[in-house]
Amino acid sequence: MSANRWFATGNFFTTYKEEQRIFLTNIDRLAFALFLAALFIWPLFFKLSNKYMLVIDNILIAIVAIYGLNLVTGYAGLISIGHAAFVGVGAYTLATFSQLLGDSHVVITHAWPLMILVSGCMGAAFGAFVGLPAIRIKHLYLAIATLSFQMIFQWVINYLKFFDQGQTIYIGRVRWLTGFVGRDEHYFFWYYVIMFLVVVMGFGVRNLMRTRYGRCLIAVRDNDRAADAMGMHPGFTKVYAFALAGFFAGVAGALHAYLYRGVGIESFTLHQSITYLAMAIVGGLGTLPGAFFGPIAIRLLDLQVEHLAEFAGTILTGAMNLATALKPLAFGFVIVLFLMFEPRGIANWWRIIRTYLKLWPFRY
Amino acid sequence: MSYFFQLVVSGIVVGSIYALSALGFVLIYKSSRVLNIAHGQIIAAGAFITYALTVWAGISIYISFLLSVVITFFLAMSVERIFLRRLIGEPIISVIMVTIGLMSIIDGLVYLTPFGTENFSFPAFLPKTPITFGGVSISWTQLVGVIITTILIASFSWFFKRSTIGVSMRAVSDDQLASMSVGISVPKVFGLAWATAGLSAAAAGSIIGNITGLNFDTLHAFGITVFPVVILGGLDSIIGAVVAGIIMGLIQQFAAGYLDGHWGLYGTADVLPYIILLVILLFKPHGLFGIHEIERV
């Protein structure tokens, strides 16, 4: 029990409750609060162009999606090759409302927080359905179930007239307290919404891992027989993991639909699923910081690859669209190299830097 | 009625090629418990190598078929050697994710070549008039494809049943520790399993490429259909792969023949295998011939 929460050093705990605190010292808490404040204030001072704001919004949406993938692949140890399809379920929930009610119906423009929630729940329902075989089987068969869900999803969207066969379905502008969000402030507005959700959900995931509902995921991943003996049901735990992942994916999908003001199949393909997986692996599976580092790293890599493809396109005349070739290549190599040489991802580098700085200038 | 038999014939043709390609997948799973997600891409790569050798290098198609099979044999072996050998002992989940990465890499490499965007078809080297028998016709390409596939599957099953290497492969799939203790090199067997899988994948890819033409999306879809086939047959059963391959071929042909165009449906052959997969996983997760692992706590 440290009397002074400001200058506590070392790891000395007398209760488990103390050990599980998110912030060990008040300095940590202050630094985090300042960091959060900076995240929310900077757009007021630096007006970025829409192009860069879109990139940042995209990263934030990917973070929401990766929370989910990280839960299912990192914490629960199940491979999901269909995460983009779950994101797509969220987006197409919105598209369904848009098709049924019209793209600027009150439900879509005014009740958008509700729509985001509904999309999340739809994602959760589909996630639970795909995870259902886990009750009967063990091992990693579920990877194939998620892959087949991805294929079914793509087929349904591409072949059904109701979804315009994968063509873009428009979503109307949303209304905020002061009126409809215009073109100029669109990305700015959504930055705040998504940032808010990223923070809230981040705390949600962090807290989930302190409760039995989150810890059972890790228990089942590490040793399902022991988990069974401790009174958890490994099968239902896996289904639950998929449902959770589906929820985060659904929310990310709804945000994606609102941000782009439209839904099209090209954002939810198998390649996109692999990109999400790359984000989770590069960030660090089974760690919360990984959910932030992964999307940032992969989106930056994505931009670099696009620049490179453009640059190469100016030199090699008559070449095909290099970006379509270089992106899978780069993401594939990133996945393979990280798994081979740094399976714990960028989050591990972050951990090393933190422990180094904590003790600095001493070595140990 | 002849329409029905026509569908049966083409179903068996496609199904036998599914069987051949599923064989390689099952082999890798049996020996190392790894789901090779990149298997579809290896199939496509095999087809493209055959085409490149035949048309661009101008080699006779028979020789280039053999060459492509040999090249893919060594290619798959080196993939195992470079990427997967150092992951032996790591959790299986990371090995499977490496194969997902490989899938992406091969996709990227194919998109770099003209095969990624354009359509090609093999030059005709067999008589063009199909053989007709009681209203049911089968083209020479299909017939030769089925014959080659049957020969390959038969020789594979002989290989596993009788040859020393085949027996050691089965031993490794049964118990790695025990097989190590009798002097089998487990990493070598893994390498060989990948190489054999690459071989059968390249053969299957070349044959299907001859029948349907070379289009990356089509070959890709064909490759991914291997997953429903192996799940239906049972992941660790070679007989299961063969039977399920033919069943899946028949289902696809019947779906395309009878369901498409009715009730506003079309393209059902592309989606039905995956729906079957999900249903099978729910109700009979070990497939038709898979081994039930009974495990109670």
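Analyst: Let's begin where helix α11(B) starts: a side-chain oxygen of Ser237(B) comes to within 2.8 Å of the backbone nitrogen of Gly240(B). This is a predicted model, in which local features need pLDDT of at least 70 and side-chain atom pairs count only at pLDDT 80 or more, while totals for chains, interfaces and linings use all residues; side-chain values use heavy atoms, with hydrogens and water left out. Residues are numbered from 1 along each chain as its sequence is written, and chains are lettered from A and ligands numbered from 1 in the order in which they are written.

Helices here are DSSP runs of H or I with at least four residues, numbered from the N terminus. α11(B) covers residues 238–259, and its end C-alpha atoms lie 30 Å apart, which agrees with the 32 Å that its 22 residues should span (the expected span is 1.5 Å times one less than the number of residues).

Which residues of α11(B) are buried? They are Gly240(B), Ala241(B), Ala244(B), Gly245(B), Met248(B), Gly249(B), Gln252(B), Ala255(B) and Gly257(B). Buried means under 20% relative accessible area, exposed over 50%, and partly exposed in between, with a 1.4 Å probe and protein chains only. The cover over these residues includes α1 (2–32), α10 (226–233) and α12 (268–283) of chain B.

Now to the meeting of the two chains. In contact, meaning heavy atoms within 4.5 Å, are 47 residues of chain B and 47 residues of chain A. Together the chains bury about 4,400 Å², 79% of it on carbon and sulfur atoms; buried area is the accessible area (1.4 Å probe) that two parts lose on being put together, summed over both. Met97(B), Tyr266(B) and Leu278(B) supply 13% of what chain B buries against chain A, more than any other three residues.

On the side of chain B that touches chain A, α3 (61–84), α4 (92–112), α9 (216–224), α10 and α12 of chain B each supply at least two residues. The largest share, 17 residues, comes from α4(B). By class, this side has 34 nonpolar, eight polar and five charged residues, where Ala, Val, Leu, Ile, Met, Phe, Trp, Tyr, Cys and Pro count as nonpolar, Asp, Glu, Lys and Arg as charged, and the others, Gly among them, as polar.

Over all chains, the structure holds five. In chain B, Glu80(B) pairs with Arg85(B), the closest N and O atoms being 3.2 Å apart. Glu80(B) is buried, at 2% relative accessible area, while Arg85(B) is partly exposed, at 24%.

In chain A, Arg299(A) bridges to Asp302(A) at 3.8 Å, and both are buried. The two sit three residues apart in helix α13 (residues 288–315) of chain A, about one turn of the helix. Glu306(A) pairs with Lys327(A) at 2.9 Å. Because Glu306(A) lies in α13 and Lys327(A) in α14 (residues 322–341) of chain A, this pair ties together parts 21 residues apart in sequence.

Technical notes:
A polar contact is a pair of N or O atoms within 3.5 Å; within protein, one must be able to donate a hydrogen and the other to accept it, and residues adjacent in sequence count only if both atoms are side-chain atoms. A salt bridge is a side-chain nitrogen of Lys or Arg within 4 Å of a carboxyl oxygen of Asp or Glu.
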